[in-house]
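This report describes how the parts of one chain are arranged. It begins with a term used for strands and then turns to the sheet, the helices and the domains.

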Amino acid sequence: MKSPIPDYLHVVLENARPIEDGKPASYIDTLARADTSRLAVALATVDGKLYSAGDDQVEFSIQSISKAFVYAIAIEDAGLEKVLEKIGVEPSGDAFNQLSLERGTHRPMNPMINAGAITAHSLVISPTATAEERTDRILKIFSRLAGRQLHVDEEVYEAELKDADRNMGIGYMLKAAGILTCDPREAVKGYIRQCSINVNVRDLAMMAATLSNAGVHPITGESIIPQWSVRQVLSVMTTCGMYDAAGDWVSNIGIPAKSGVAGGIIGALPGQVGIAAFSPRLDDRGNSVRAVAMCQQLSRDMGLHMMDVSQIASSTVRTAVATIVAGQSDPHNANCNREVVIFSLRGAVRFAGAERLTRAVARELGVPDPQDPGSGAYIDACAVVFSFRDVFSLNQVSQRIIREDIYRLIADGKNVIVIDPSGVLKSDPERQGPHPCIVKTEAEARDQIGGVGCQAVFKADNW
């Protein structure tokens, strides 16, 4: 069967094509001459599948989309504390090239406006590095993110440098405020050079998907951006990535995003997908009109809005009870004719799912509560089974909560069996004392509880 997703992307593309609003960026010669008929969209999943439609091989300069990734590099090179001393995280409400600093601290308001981006560039490697050294580091990381060797468009770089008076003014303003310690001309030249790196929508979708995948490249499996840095970047993209259109974007589309004046837009929905769209016509805020329209349709049709509550935590956990029936090899096993409680989880489990599991465990195995009929019904169960067979992932907080559930049950004298064929539950090497028995199949779990060949008869459900 042919996947319907490429056909759907073509529909999204053609729905946006008739839009004639906006015009290319006029203040950069090469961008002003852009072919406005160009149109492309791409989508990359966190497990490495890439779909695209339209002019998906056409290259254009990354421009301000680079700000999100260079911010991540600055955090890695200088440390988050140092970066936050130099760059704020508040929406500015101003144009991206505004000559303004935060009152009191003299910091740029955020890393997505030019003042913040120039500062972030100056923190790559070290304040003493040259523009060429910083660009080389940025280009290498961008190439790893895209999955191919990228290059600087020298024509775009020269055109932007020729008319860089405003950015140079921002650089000198930052130097006077004590934010820049390097030569402001070097910082501005390096910043312009990073913006002149050429990409296509397939590159950008994969770069965005790497952010969505906690900094791990979906195809190569390489960890390129630390997870804690990804969280910082996505947070700032959500509130500041679309400049003074951020509020409209979050309410209508609801995906952390960043735009560039060459006409590109990326969106990174954590744990799900990276998207990219391209068309050179810009609105008054510097965002591609057609690309915004395509992202809006993708969000609406595919349920990508990050505030869309489409899954409820109560559906994550299933509880079943079975009685162990002896097998021929061990007919007098002490657990025969006794009850086992099985807690099964499904999907990508986060705090809400782990909390729901904890609540179920406490209710079924805790002290009976007169105000909750049925609570404590299986306090004398001979074994407790946690099945992660259908679990895709456990995030850090769910790992901690579930491990604590297990160790508390063991401390209470319970026999705990974990079915974990994919190894999603990580062990705690610092934990002292007994650990649960971990198996890969239901048959192995039954053998551990009632002896080889025993069976489980369920009161309801199947195991």
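## Strand pairing

Two strands are said to pair if DSSP finds at least two bridges between them. The model is predicted. In it, strand β8 (residues 317-325) and strand β9 (residues 339-349) pair in the antiparallel sense, over seven bridges. Ala-322 has Val-340 in β9 as its bridge partner.

## The sheet and its helices

The open sheet has six strands, ordered β12-β11-β10-β9-β8-β13, and the pairing is mixed. At its edges are β12 (437-439) and β13 (455-458), each of which pairs on one side only. On average, neighbouring strands of this sheet are turned by 30 degrees against each other, direction ignored.

Helix α14 (residues 351-365) packs on the sheet and touches β8, β9 and β10 (383-394). The direction of α14 makes about 170 degrees with that of β9. Helix α16 (residues 442-450) also packs on the sheet, touching β8, β9, β10, β11 (416-419), β12 and β13. The direction of α16 makes about 170 degrees with that of β11.

## A helix pair

Helix α7 (residues 154-162) packs with helix α9 (residues 184-195) at an angle of about 140 degrees, and their axes are 9 Å apart. That angle makes α7 oblique to α9. The crossing of α7 past α9 is right-handed.

From α7, Glu-154, Tyr-157, Glu-160 and Leu-161 meet Lys-189, Ile-192 and Arg-193 of α9. By class, this contact has three nonpolar, no polar and four charged residues.

## Domains

The chain is divided into domain 1 (5-302) and domain 2 (317-457). Taken over C-alpha atoms, the centres of domain 1 and domain 2 are separated by 46 Å.

Notes. Residues numbered from 1 in each chain as written. Predicted model: local features only at pLDDT ≥ 70, side-chain atom pairs only at ≥ 80, totals over all residues. Heavy atoms only, no water. Domains from an automatic or database assignment. Axes fitted to C-alpha atoms, helices over the stretch in contact; angles between N-to-C directions. Helix = DSSP H or I, 4+ residues; strand = E, 2+ residues; numbered from the N terminus. Parallel < 35°, antiparallel > 145°, perpendicular 65-115°, else oblique. Left-handed = near helix turned anticlockwise from the far one by under 90°. Contact = heavy atoms within 4.5 Å. Nonpolar A, V, L, I, M, F, W, Y, C, P; charged D, E, K, R; others polar.
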